[in-house]
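Dear colleague,

A summary of what was found in it comes after.

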Amino acid sequence: MTTGPQERMRRWRLILGGGDDGTGTLLGGDDARIDAALSALYDSDADQGSSSQTGRQRGSGLAASVPRVARWLSDIRTFFPVSVVQVMQKDAIERVGLTRLLLEPEMLDAVEPNVHLVGTLLSLSRVIPEQARESARAVVRTVTTDLERRLAQPTRSAVAGALNRASRTSRPRRHADIDWDRTIRANLRNYLPRQRTIVPERLIGYARKQQAVARDVIICLDQSGSMASSVVYAGVFGAVLASIRSLRTSVVAFDTSVVDLTDQLSDPVDVLFGTQIGGGTDINRAVAYCQQLITRPASTIFVLISDLYEGGNRDELLHRIGEMTAAGTQVIALLALSDDGAPSYDHDNAAALAGLGVPAFACTPDSFPDLMAAAIERRDIAQWARRHPPLPHSPDLSTFGRVMECVDMTFRPNDGCNDAARRWYANI
């Protein structure tokens, strides 16, 4: 779609924010409200008396006032798509101290629920006042319910299929239960050249309707501040896996202390509020606790979700991981379980784990069900990770002033722009 000079200047005016931007464009109506909403967040240190109508430097600011913030939240939800609203809320929390205002019930009722907001609420869970606690739980439940709706069925299907495939039988009951690949390989000596066929002496198939617990799954979850999104997704997946009868699932969260959340897995909200985002990290202590939970090493999948920045005893940690793998436990190290892009992590510890045969990589929530299926079938996890590379680092477009990096003079987004920026461009 082509735009004329006037429309182009209007858009540049909204990006640059007035003052000496050189556009010479004045805004009115909804454009002025959009500009004021952006000013309140991204020019909060500017002159408080500025006005978008006059073209002076904008900057009404987000003072620590509940009514003012409530109006601002209402405006951004009116003028921007949900994906951009979530980005702006995240910026408000980081830039202008919206965190403190999240402790107000009316604020929690006005914000757009998302994974990042839940992570912030979890980090504040110990200081949320009683009058705001129910509103905070409602926000967390909205997000976890949405995640369960999206992720539960793919997870159950992938795990059930993997458990069926992992359980072999020499007497498959139905034609559909025959594992033809394994059956052919097991009967190659019975090949008849003239008939160009194989006579299967022995059938290999999948055992169905298994009632016993087939695998033990232990999720060891780093709850340091950088892992907030991973904590949210892991809590939901832990609850989903716990609902599958053929799995015995445990979830253990840690910072410098360890808390076993297994008894709360019936409700992901209880799991998440059982965590405490922030604090130090003692991975070795958490792994030591999880070792005590392993009673069937060859049937256990141990998933360590951590950025591997160890504040405890590194040598002892690596020794424990080595003991686990030597005993037959399948160990997986996830550097992140989120859509946030490639994570920051301790490269030395990741390399040390790789030397022990433990792959360390990031995983998106949508790929996690297939990862669990691969682990249950005891496939090569390192090979799986190579086929599912992590997300690249997303360009830092959350600060509005840096939008300039993604546009040219015809206001077309370059390929580096994320979806939120694209939608914002389309919206204005």
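The following paragraphs describe the fold as a whole and then selected elements and residues.

This is a predicted model, in which local features need pLDDT of at least 70 and side-chain atom pairs count only at pLDDT 80 or more, whereas totals for chains, interfaces and linings use all residues. Residues are numbered from 1 along each chain as its sequence is written, and side-chain values use heavy atoms, with hydrogens and water left out.

**Overall**

The chain contains 17 helices and ten strands; these are DSSP runs numbered from the N terminus, helices being H or I of at least four residues and strands E of at least two. Of its 428 residues, 51% are buried, where buried means under 20% relative accessible area, exposed over 50%, and partly exposed in between (1.4 Å probe, protein chains only). The chain exposes about 20,200 Å², and carbon and sulfur atoms supply 49% of that area. Accessible areas come from the Shrake-Rupley method with a 1.4 Å probe, and for residues only the protein chains shown count as cover. With contact defined as heavy atoms within 4.5 Å, 71% of the contacts between residues at least 6 apart in sequence join residues at least 24 apart.

**Enclosed elements**

Strand 5 (residues 215-222) is largely enclosed by the rest of the structure, because eight of its eight residues are buried. Both of its faces are covered: Arg 215, Val 217, Ile 219 and Leu 221 lie on one side, and Asp 216, Ile 218, Cys 220 and Asp 222 on the other. Strand 5 runs parallel to strand 6 (residues 247-254), and eight bridges join the two; strands pair if DSSP finds at least two bridges between them. Within this pairing, Cys 220 stands opposite Val 252 of strand 6.

Two helices are also largely enclosed. In helix 7 (residues 115-123), seven of the nine residues are buried, among them Val 115, Leu 117 and Val 118. In helix 15 (residues 368-376), the count is eight of the nine residues, including Phe 368, Leu 371 and Met 372. Just after helix 15, Arg 378 adopts a positive phi of about 60 degrees.

**Cysteines**

How many disulfides does a search of the whole structure find? The search finds zero, a disulfide being a pair of cysteine sulfur atoms within 2.5 Å. The sulfur of Cys 290 has its closest cysteine sulfur in Cys 220, at 3.8 Å, which is too far for a bond. Cys 290 is buried at 0% relative accessibility, and Cys 363 is buried with a relative accessible area of 3%.

**Individual residues and a surface patch**

Asp 31 belongs to helix 2 (residues 29-42) and counts as buried at 17% relative accessibility. Leaving aside residues up to four places away in sequence, Asp 31 touches Arg 10 and Leu 14.

Trp 180 is found in helix 9 (residues 180-186) and is partly exposed, with a relative accessible area of 41%. Together with Ile 184 and Leu 188, Trp 180 forms a nonpolar surface patch with about 300 Å² of accessible area. Patches are made of residues with over 30% relative accessible area and no salt bridge, like charges being joined within 9 Å and nonpolar side chains (Val, Leu, Ile, Met, Phe, Trp, Tyr) within 5 Å. A salt bridge is a side-chain nitrogen of Lys or Arg within 4 Å of a carboxyl oxygen of Asp or Glu. Trp 180 and Leu 203 are 23 residues apart in sequence, and their C-alpha atoms are 8.3 Å apart in space.

With kind regards
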